[in-house]
Amino acid sequence: MKWIGRRQSSNVDDRRGVSGGKIATGGGVVGVIIYLLFNFFSGNNVDLSQIQPQLAEQSNPPLTDEEKKADDERASFVKVVLAETEDVWNTIFSQNGQQYSEPTLVLFRGRVASACGHASAASGPFYCPGDNQLYIDLSFYEDLQYKLNAPGDFAMAYVVAHEVGHHIQNLMGTAEKINRLRQQSRESEFNKYSVMMELQADFYAGVWAHHTQKVKAILDEGDIEEALNAANAIGDDRLQQQTTGEIVPDAFTHGTSAQRVFWFRKGYETGDMKQGNTFNDASLN
Ligand SMILES: [Zn+2]
């Protein structure tokens, strides 16, 4: 992505210098957003470190000068991506006679407190509907590249745009509606709704990529492939196979690799918000 020199969002709360004391390693599972969302709406705060208790905690070592430089560059990059999402979503909302309320991005290192509870780097990037904030530990960039084999700047751009997609769902009332449905459902149904929400966030990420490219032509060749590769890498089936060696569809909460690729691509190819009804996806019912 051609990002250097472009506008960086000012809706950023940089807490990387604030010591969380500990960092959890391992994991790297993207988006426990639905879990957070439902816990938020049901009034239970949740400590994300308890979701993945198998992850060992270790001290959070200070960064070397070189690491700090790389981290700062990544911070600049995600600020540009966030600014690009603001431009696109402001336009789309105003075309529909609505006003877009821009989310805040919290950059943290190690651990962070949110309105949805405490989180660690191992939780992966997430969106908290309770405070309308996106939370990203930039070490996820390395997880994408090395642990999930999804390198490239646009892989990370896709992740940011996906979290912004959850913000869109929050603004449009989808998150609340789905939560009501979920409260009357069994666990496998709960997971089904989670998958639909996640796939719609992927679709919105694709819609963003479509419009940002159409208006500004800032994508490099291969960027969409990087995003599709990341969507493929963080499908539940791939992650489950990597971690447990078997696939349990009922436990899916984000969608399979093929589903994630399908919905991101659909958003990217159409750029049309109306095409994003993942709740009518026959393969999910
Ligand atoms: Zn998500």
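This is a conversation about how to read some features of a predicted model.

Biologist: Before we start, what should I keep in mind about this model?

Modeller: It's predicted, so local features need pLDDT of at least 70 and side-chain atom pairs count only at pLDDT 80 or more, while totals for chains, interfaces and linings use all residues. Residues are numbered from 1 along each chain as its sequence is written, and side-chain values use heavy atoms, with hydrogens and water left out.

Biologist: Now the metal. Which residues are the protein donors of the zinc ion?

Modeller: Donors are N, O and S atoms within 2.8 Å of the metal (3.2 Å for Na, K and Ca), and sites may look incomplete because water is not among the atoms. Here the zinc ion has H162 (NE2), H166 (NE2) and E198 (OE), lying 1.9 to 2.1 Å from it. Along the sequence, the donor spacing reads H-x3-H-x31-E. H162 sits in helix α4 and E198 in helix α6 (residues 187-216), 36 residues apart, so this pair links distant parts of the chain. H162 and E198 are both buried.

Biologist: How do I read helix packing?

Modeller: Two packed helices are described by the angle between their axes and the distance between the axes. The axes are lines fitted to C-alpha atoms, for helices over the stretch in contact, and angles run from 0 to 180 degrees between N-to-C directions. Take helix α2 (residues 65-95) and helix α4 (residues 153-172): their axes come within 10 Å and cross at roughly 40°. That makes α2 oblique to α4; under 35 degrees would be roughly parallel, over 145 roughly antiparallel, 65 to 115 roughly perpendicular, and the rest is oblique.

Biologist: Is that crossing left-handed or right-handed?

Modeller: α2 passes α4 in a right-handed crossing. A crossing is right-handed if the near helix is turned clockwise from the far one by less than a right angle, and left-handed if anticlockwise.

Biologist: Which residues of α2 and α4 meet?

Modeller: From α2 you have F77, V78, V81, L82, T85, W89 and F93, meeting D153, M156, A157, V160, V164, I168, L171 and M172 of α4. By class, that contact has 13 nonpolar, one polar and one charged residues. Ala, Val, Leu, Ile, Met, Phe, Trp, Tyr, Cys and Pro count as nonpolar, Asp, Glu, Lys and Arg as charged, and the others, Gly among them, as polar.

Biologist: How do α4 and α7 cross?

Modeller: The axes of α4 and helix α7 (residues 223-233) come within 7 Å and cross at roughly 60°. That makes α4 oblique to α7, and their crossing is right-handed. D153, F154, A155 and Y158 of α4 make the contact with D223, I224, E226, A227, A230 and A231 of α7. This contact has seven nonpolar, no polar and three charged residues.

Biologist: What covers the buried residues of α7?

Modeller: The cover includes α3 (140-147), α4, α6, α8 (236-244) and α9 (257-270). The buried residues themselves are D223, I224, A227, L228, A230, A231 and A233.

Biologist: Back in α2, is R74 buried or exposed?

Modeller: R74 lies in α2 and counts as buried, at 17% relative accessibility. Leaving aside residues up to four places away in sequence, R74 touches L138, Y141, E142 and Q145.

Biologist: One last item: what should I make of phi at N132 and N149?

Modeller: Most residues other than glycine have a negative phi. N132 has a positive phi of about 55° although it is not a glycine, and N149 also has a positive phi of about 55°. N132 lies in the loop between β7 (126-128) and β8 (133-137) and is partly exposed at 30% relative accessibility. N149 is in the loop between α3 and α4 and is exposed, with a relative accessible area of 55%.

Technical notes
Helices (H or I, at least four residues) and strands (E, at least two) are DSSP runs, numbered from the N terminus. Contact means heavy atoms within 4.5 Å. Buried means under 20% relative accessible area, exposed over 50%, partly exposed in between (1.4 Å probe, protein chains only).
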